[in-house]
Amino acid sequence: MISHAPKIAGSVAAALLVLFPLVYSAGNYDFVMHLWITAFYYAILASSWALLAGYGGQFSFAHLAFMALGAYGAGILDNYVFLTSLPTGTCTEFGLLGTNIVFLPPAGTGDAGACLTAARATWPEGATVSRFPLLLQIAFGAIVGGGAGWLIGTLVLRLRAAYLALFTVGLSEILRAVLSAEIWLTRGQAGMPMSPLFPEGITILGTTYGPAAKLPAYYVMLALFFATLSLLLWVARSRIGLFLRSLREDEDAAEALGVDTVKWKRAVFVLTAAIAATAGAVQGHYVGLITPNTLVLLQMSLVIAMAVIGGLENLVAAAIGAILISFALEFLRTDFTILGLEVDMTTWRLVFFGLLLMLTLRFLRNGVIQGALMWIERRGVGAETVAKRRAAEEAK
Amino acid sequence: MDHPGFFSLAILWMVLWGAIGGAVIHRAYLARDLDVTAARTVGVAVGAATGPFGLVPLYLRTPTLTRAWQALPWIGVVTVFLFAFRASDPDNVCFTSGTFVTSQLVNGLIMGTIYGLMALGLALIFSIIGIVSFSHGEFYMIGGMVVYYMTEVWAPGLGPIAAVIAACAVTFGIGAAFERAFFTPIYAGKVERPNEYAILVTFGLAFFLQYLVQGLSGANPVKASPFFELPRSEWPAGAPIIETTRSNIKLFDMISISTPRLTAAILSVVMLLALIWFLYNTWTGRALRATAQDRQAAAVAGINPGRMNMLAFGLGCMLAGLAGAVLVQAFSWLPQTGAIPALRAFVIIVLGGLGSLPGAFIGGLILGLVEAAGAGCVPDPTRAAAYLPAYGMIILTLVLLLRPQGLFGRKV
């Protein structure tokens, strides 16, 4: 019988994740919370990349570019667009449903916010100025990312394997160059500041948490993680998942059998890009700063390593792999001295993961976590089947 | 730039008519039941170069698209682009100073030779094994690192040539060993999707090597001293045709070339000639080319394809290492140095046609010229430098959209 242990363990683990911030109370609370939030962020990226690469067979290296587009999309709204109750008269603005949407000139093109500051000085008491609503910012980020996904999905329709990989690597390098060079808009390498997830703090069940508190951010990221995983699993298990796998196995054969390859290829790009962009926007708000360095190839390598070591063709395994590896990366930071040589672990841990990635690909093609899950699930199934057959033969 | 608006309009005009041309001409040829293989590309070029004035006759006459038809409109596109650029930015140094332009041209060709050498390695690997190596940049970096350590730390007495040979040996060894350890399952048919497996596993190798080098040598940039230093001289004295200083050569008082780059280019050309000699005049070289042309026929003729795979991957990595080894004296070197050259090599092999060796070299020269033009002519110098990798990417995008088989490639 197929063991249900992994599924039961999964549900228990999900429940524990929900309870964790409430029961955990050690001194390094904030640090551990931060690790979990980062782990969820990577898990979202790795599992959505696993859908794109493992199911759709599209080995795109632009996943973090979509993430960055989402983050910068939200960041630009956060920094340059404000809602006011009174018209300023001097800024670029237009009225909508009783509020004014004010567009500030970007930082590099003059004194940012000067027109708003000047107008505020003349306003009567009680006039309000607020940032663009957070949810709309994140939604905008997701739309920007999804739109870019559509565009890239369209551009790479004719490209296979190596061409696709080359094209997407180059594309994310270009995006990084643009984000670093267009200082007037993005502030370049210095990074773009972003307001926290809950700028005024939030009260949950009578406890008030400040803007820097980790618990609300933890639940936001956890909710996003669960929502993403459910959506991805639903897609993977529906007919769409079959279409995607047919794309991966043989595009021409799939097309001959009536699968609209163009549509589904585009769709999987849009979906995974929008997910990555949402994660980027939320993470940007949580960290409070976005820089072009989130786009370096190392970050993409990490996401790929997580998905591959977890298991490319199993979204849950990819997510578990991401969580385990992002914790391992953090705990392997401590330098140590061996035989008089000081080992700089911030570098050597990455050497270790590179090696692990190569060895996993070479010897455990299904990934470590997925392999383990399959082994637990199917342990004894072979013997059981043999026994059943033998019993059936004897009964004859 | 004096008239940025005019320039944007001109580009928009070209893109618009190019897009229209690509769609309409393709349809015209399709409707008249003619050969459509080149119709789209020619339509784009004619549209971008001449707008409606060329498209309408082309649409009405639909001539047979010969090679001249495929090449000439592109020259027109470049000319129109240059005129638009000149009209919108008349004071640009690229139009006012002939000296500067010649200098940039020569430097572009010199860098292009070295780019070509590196891309040749990637093309060699692709032509034999059929995969694109994502660790190419790391072999470039390792080649440079070996030369740095040989000339500056381990054996300064041996001289740069010995160091370059050592770099070749190291990169060949790593490449060949990696191929034996990780690619054999592909040939045995044990990998479900060999292309993707190869991409990921070479990507893993890149990751591993980059941080291994960082762990061993530290994250600080290193700089090797130039291989050769010239005495200060003039020839003929008075009105010099060749004027040399320690690290610079000046020709006709206008073309300035830095010596490290020149020695790098000369070494590259020598190595390239050696490689061509090897490929065309030795049994092993012929066997390599035979395997690239037809694997099964080569195997029937008694060539061990497995051995050729190892040799091709080793040689390809060695060429990348060689490019790094000769360039380490011109730039400062970091464990991350390989990323941009690797990207460049990708652009070049796609431009030249995946797997085409002459294409890789000519693609290298083209990219060298384009980058020199980009670095020299784009107004705003800080932006020009930041966007240096982007020029190649624009070429890549255009090639992938318009002619995915590249300049010299077989149809994909």
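## Largest cavity

By class, five nonpolar residues, two charged residues and one polar residue make up the lining of the largest cavity. The model is predicted. The volume of this largest cavity is about 40 Å³, and a search of the whole structure gives three cavities of 30 Å³ or more. Rolling a probe the size of a water molecule over the atoms shows where empty space is left.

The residues that line the largest cavity are I340(B), L343(B), R344(B), V347(B), E371(B), P389(B), G392(B) and M393(B). Two helices of chain B, α14 (339-352) and α17 (388-402), each supply at least two residues of this lining. Helix α14(B) gives the most, with four residues.

## Domains of chain B

Chain B is divided into two parts: domain 1 covers 4-91, and domain 2 covers 97-221 + 270-402. Taken over C-alpha atoms, the centres of domain 1 of chain B and domain 2 of chain B are separated by 34 Å.

## Interface of chains A and B

The size of an interface is often given as the accessible area lost when the parts come together. Between them, chain B and chain A bury about 4100 Å², and 78% of this area is on carbon and sulfur atoms. On the chain B side, L200(B), F203(B) and F207(B) lose the most area to chain A, together 17% of what that side buries. The contact involves 46 residues from chain A and 42 residues from chain B.

## Salt bridges

Side chains of opposite charge can pair when their charged atoms come close. Over all chains, the count comes to ten salt bridges. Two salt bridges are found across the interface of chain B and chain A. A salt bridge links R193(B) with E313(A), where the closest N and O atoms are 2.8 Å apart.

Within chain A, E173(A) forms a salt bridge with R176(A), with the closest N and O atoms 3.4 Å apart. Both E173(A) and R176(A) lie in helix α6 (residues 161-181) of chain A.

Terms used:
Residues are numbered from 1 along each chain as its sequence is written. Chains are lettered from A and ligands numbered from 1 in the order in which they are written. This is a predicted model: local features need pLDDT of at least 70, side-chain atom pairs count only at pLDDT 80 or more; totals for chains, interfaces and linings use all residues. Side-chain values use heavy atoms; hydrogens and water are left out. On a 1 Å grid over the protein atoms alone, a cavity is a set of points where a 1.4 Å probe fits but cannot get out, and a pocket is an open set with protein on both sides within 12 Å along at least five of seven lines; lining residues have an atom within 4 Å of a point. Grid points are joined across faces, edges and corners, and a volume is the space filled by probe spheres set on the points. Ala, Val, Leu, Ile, Met, Phe, Trp, Tyr, Cys and Pro count as nonpolar, Asp, Glu, Lys and Arg as charged, and the others, Gly among them, as polar. Domain bounds come from an automatic or database domain assignment. Contact means heavy atoms within 4.5 Å. Buried area is the accessible area (1.4 Å probe) that two parts lose on being put together, summed over both. A salt bridge is a side-chain nitrogen of Lys or Arg within 4 Å of a carboxyl oxygen of Asp or Glu.
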